[in-house]
Amino acid sequence: MNLNDAQIERYSRHIILGNVGVEGQEKILAGKVLIIGTGGLGAPVALYLAAAGLGTIGLVDGDVVDLSNLQRQVIHFTPDVGRPKVLSAKDKIAAINPDVRVITYETRVAAANIAGIIKDYDFIVDGTDNFAAKFLINDACVLGGKPFSHGGILRFDGQTLTYVPGQACYRCVFTAPPPKGAVPTCSQAGILGAVAGMLGTIQAAEVLRFLIGKGELLVNRLLVFDALNMNFRTVKFARNPACPVCGERPSITTLVDAEPAVCDLKSRGRG
Amino acid sequence: MTLKVNGKVFTAAEAALTVAEVLQRSSVANPEMVAVQLNGEFVAKEKLAQTPVAQDDEVDFIYFMGGGAKRDI
Ligand SMILES: [Zn+2]
């Protein structure tokens, strides 16, 4: 791949970075990344990856833009209310950077479709808001040998880890979805919009560092932050021998749909 | 006894405590809400109440976090 003059100018602040350079920028331009969920996390991920010149961005979301999304889902604008999120996001990506090829999947990930959707991508970003999807993405990526970034946010808090094949996975930390009622429901919980942006941009940086192959990814460690007091910490962990999907005696060998948590059922009715 | 809980100093008057008691005193209302490590090793939920902690042990607990968008994908 040879960068043209416009690309050299557009990506000049990457190219002059010692750890990126022309070579790293070419890897970004050749990268294929799937973002599952174009909400609070997926929005900043998609914006930064588009600006960075990602070759192909896949977007998975079955929802339409709701007025209550605009407080944090910065890729969607007021006139987009009512439009499918993947189409709204695709328009913004095209406006930021016509170099990027966008593939949209106007659907939810489920056991039946996820393996087929992720198979053509180099890296997967979990930008979903529910545990059923988070565990499904983990299992599909572990079984399919795909690296992915987990992201979770709640109120003022965020957490993220990166999985690469052979290393610890999300289930090594969180064995199974929490039982109903153990975790606050979505409507009780709330989220400071900027916290979604903080976590999403960390996930975008993980994607870019994965593609250029520089630095230490959040592999075998979980980054947790509390933006109310602005404290960050990383918790190290190793592969869990008892992990149900990547452990010594895995009980999960095929994908199944988990029961949605109680908050998903409640919010589903609200449209 | 002095421990490190989530990177911070934690002191207790007792000489014997379990991981479950440490979580309780750290305002974890329900142990189902967290993943727990003792000195870098995960402790299964059903073992929290039987696992003792000792001087200078490090306990880390991490909350489940969903979030992102409004509905599931
Ligand atoms: Zn695992």
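**Exercise 1. Determine which residue forms a salt bridge with D126(A), and how far apart the closest N and O atoms are.**

Solution. In this predicted model, the partner of D126(A) is K134(A), and the closest N and O atoms of the two residues are 3.1 Å apart. A salt bridge requires a side-chain nitrogen of Lys or Arg within 4 Å of a carboxyl oxygen of Asp or Glu. The pair D126(A) and K134(A) therefore qualifies, with 3.1 Å between the closest N and O atoms. Next, consider accessibility. D126(A) counts as buried because its relative accessibility is 1%. K134(A) is likewise assigned to the buried class, because its relative accessibility is 1%. Elsewhere, salt bridges with shared partners link D80(A), R83(A), D91(A) and K92(A) into one network.

**Exercise 2. Describe the salt bridge between R83(A) and D91(A), and classify R83(A) and D91(A) by accessibility.**

Solution. The closest N and O atoms of R83(A) and D91(A) lie 2.8 Å apart. R83(A) has a relative accessibility of 28%, so it is classed as partly exposed. For D91(A) the relative accessible area is 39%, so this residue is also partly exposed.

**Exercise 3. Locate E23(A) and K27(A) in the secondary structure, and state how their side chains interact.**

Solution. Both residues belong to helix α3 of chain A, which covers residues 21-30. E23(A) and K27(A) are four residues apart, or about one turn of the helix. Their side chains meet in a salt bridge with an N to O distance of 3.7 Å. The accessibility classes follow from the cut-offs: exposed means over 50% relative accessible area, and buried means under 20%. E23(A), at 57%, is therefore exposed. K27(A), at 35%, falls in between and is therefore partly exposed. Over all chains, the structure holds ten salt bridges.

**Exercise 4. Characterise the interface of chain B and chain A by its residues, its buried area and its salt bridges.**

Solution. One salt bridge is found across the interface. The side chains of D60(B) and R233(A) meet in a salt bridge, at 2.7 Å from N to O. As a general principle, side chains of opposite charge can pair when their charged atoms come close.

**Exercise 5. Identify the residues that form a nonpolar surface patch with F156(A), and state how many disulfides are found over all chains.**

Solution. The patch consists of F156(A), L192(A) and L228(A), which together have about 270 Å² of accessible area. F156(A) sits in the loop between β5 (148-154) and β6 (157-163) of chain A. At 31% relative accessibility, F156(A) is partly exposed.

Turning to the cysteines, the disulfide count over all chains is zero. C169(A) is buried, because its relative accessibility is 0%. C243(A) has a relative accessible area of 1% and so is also buried.

Notes:
Residues are numbered from 1 along each chain as its sequence is written. Chains are lettered from A and ligands numbered from 1 in the order in which they are written. This is a predicted model: local features need pLDDT of at least 70, side-chain atom pairs count only at pLDDT 80 or more; totals for chains, interfaces and linings use all residues. Side-chain values use heavy atoms; hydrogens and water are left out. A disulfide is a pair of cysteine sulfur atoms within 2.5 Å. Buried means under 20% relative accessible area, exposed over 50%, partly exposed in between (1.4 Å probe, protein chains only). Patches are made of residues with over 30% relative accessible area and no salt bridge: like charges are joined within 9 Å, nonpolar side chains (Val, Leu, Ile, Met, Phe, Trp, Tyr) within 5 Å. Accessible areas come from the Shrake-Rupley method with a 1.4 Å probe; for residues, only the protein chains shown count as cover. Helices (H or I, at least four residues) and strands (E, at least two) are DSSP runs, numbered from the N terminus. Contact means heavy atoms within 4.5 Å. Buried area is the accessible area (1.4 Å probe) that two parts lose on being put together, summed over both.
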